[in-house]
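Please read these notes with the sequence and the model open side by side.

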Amino acid sequence: MATHYLDSKPETVTDVFSRDLAPVLTVDPGDRVVVHSLDAHGYLCRQEPGRDTPRTMFSERRGHCLCGPIAVRGAVPGMALAVSFIDLRPDTWGWTSAGHRDTPLNRQLKVSEKTSLIWDIDAEARVATSNSGWRVRIAPFLGVVGMPPDQPGEHATIPPRSAGGGNIDCRSLVAGSVLCLPVTVPGAMLCVGDGHAAQGDGEVGGTAIECGMTTTMDLDLVADAPVNTIHATTPSARITFGFSPDLNEAMTAALDAMLGWMQRLFGVPKAEALALASVAADLRITQVANEVWGVHAVLPHEAIR
């Protein structure tokens with residue numbers, strides 16, 4: 001297993017998904033990658049309230065500031081890319097904003113004022129402290145882990161996609177988790193970034209504690225994944241995902257994938273898997289911030305014996 005290092009520089013970042021981009025790094029299955037990503041907006045130094053902060057290497061920011069693409073030799077559609085998160089270490093500061101966009105949710109909540117928090121992050125103590133004195137526990141993860149659609153041109157990083165992943169924003173994908181993404185294009189062409197030091201299920205304000213992140217991850221290929229859609233194994237549970245502009249459709253997709261996984265795990269028909277899920281599995285709203293809503297189904301380890 002080789003270890004590769006990737007930093008955020010003009011030649012290694014992108015703010016779109018595209019199968020036409022040249023890879024900035026090519027690895028073999030089983031290799032380890034240590035990548036430092038900037039925060040979603042690509043700030044180059046700490047924000048100071050009321051002052052302009054240099055950000056991104058792009059003339060006009062179109063989406064998240066991501067590292068990649070990373071090509072994996074031998075990856076072809078029909079396989080899954082297993083991304084094993086070994087370590088996730090946030091930078092020393094981050095930010096959260098709310099009310100800055102005119103969204104259906106903000107209109108329904110009647111939130112029109114804008115607010116921002118700047119956080120000092122203590123990775124060792126696993127605590128973040130805001131400029132107004134609030135303290136929260138951190139649980140770092142990457143908001144965006146994904147591959148481009150198998151279509152020409154440039155594609156937005158904002159909505160998560162059932163094919164290839166992307167802006168999943170699932171707070172359960174902490175160190176020790178393995179995220180499996182169905183490969184969409186030859187080489188996989190993985191892009192990662194959008195570090196979050198802490199986030200609640202839903203990401204209801206539209207942002208988490210957005211921060212730079214140093215991620216250590218192993219990349220491998222799986223020929224016979226237990227689920228043919230996006231899924232994960234975390235230190236505490238198995239997880240399946242659904243994405244749709246319709247929250248009901250997202251819920252159904254996440255649950256259907258979990259039922260399929262349970263059928264394979266326990267050797268039961270679908271109706272019995274549904275009965276077991278009804279007493280042992282959870283449905284959670286992953287995020288409501290990214291145009292396409294996310295739901296994840298969670299089956300804790302050892303919940304069924």
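**Notes on a predicted model**

1. The lining of the second largest pocket is made up of 7 nonpolar, 7 polar and 2 charged residues. Keep in mind throughout that this model is predicted.

2. The volume of this second largest pocket is about 220 Å³. It is lined by 16 residues, and those closest to its centre are Thr-96, Gly-205, Thr-207, Ala-208 and Ile-209. Two strands, β6 (80-98) and β7 (115-122), each contribute at least two residues to the lining.

3. Now the helix. Which residues of α3 are buried? In α3, which spans residues 270-280, Ala-273, Ala-277 and Ala-280 are buried. These three lie on the same side of α3, because they cover an arc of only 80° around the axis. An α-helix has 3.6 residues a turn, so residues three or four places apart point the same way.

4. Ala-271, Ser-278 and Val-279 are exposed, and they sit on the other side of α3. What do the buried residues of α3 pack against? Their partners are α2 (247-266), β17 (282-287) and β18 (293-300).

5. Last, Glu-203 is found in the loop between β13 (190-196) and β14 (210-222). Is Glu-203 buried or exposed? Its relative accessibility is 4%, and buried means under 20%, so Glu-203 counts as buried.

6. Leaving aside residues up to four places away in sequence, Glu-203 touches Asp-169, His-196, Ala-208, Glu-210, Thr-286, Gln-287, Ala-289 and Asn-290. One of these, Ala-208, is also among the residues closest to the centre of the second largest pocket.

Note on methods. Residues are numbered from 1 along each chain as its sequence is written. This is a predicted model: local features need pLDDT of at least 70, side-chain atom pairs count only at pLDDT 80 or more; totals for chains, interfaces and linings use all residues. Side-chain values use heavy atoms; hydrogens and water are left out. Helices (H or I, at least four residues) and strands (E, at least two) are DSSP runs, numbered from the N terminus. Buried means under 20% relative accessible area, exposed over 50%, partly exposed in between (1.4 Å probe, protein chains only). Contact means heavy atoms within 4.5 Å. The arc is that of the directions from the helix axis to the C-beta atoms. On a 1 Å grid over the protein atoms alone, a cavity is a set of points where a 1.4 Å probe fits but cannot get out, and a pocket is an open set with protein on both sides within 12 Å along at least five of seven lines; lining residues have an atom within 4 Å of a point. Grid points are joined across faces, edges and corners, and a volume is the space filled by probe spheres set on the points. Ala, Val, Leu, Ile, Met, Phe, Trp, Tyr, Cys and Pro count as nonpolar, Asp, Glu, Lys and Arg as charged, and the others, Gly among them, as polar.
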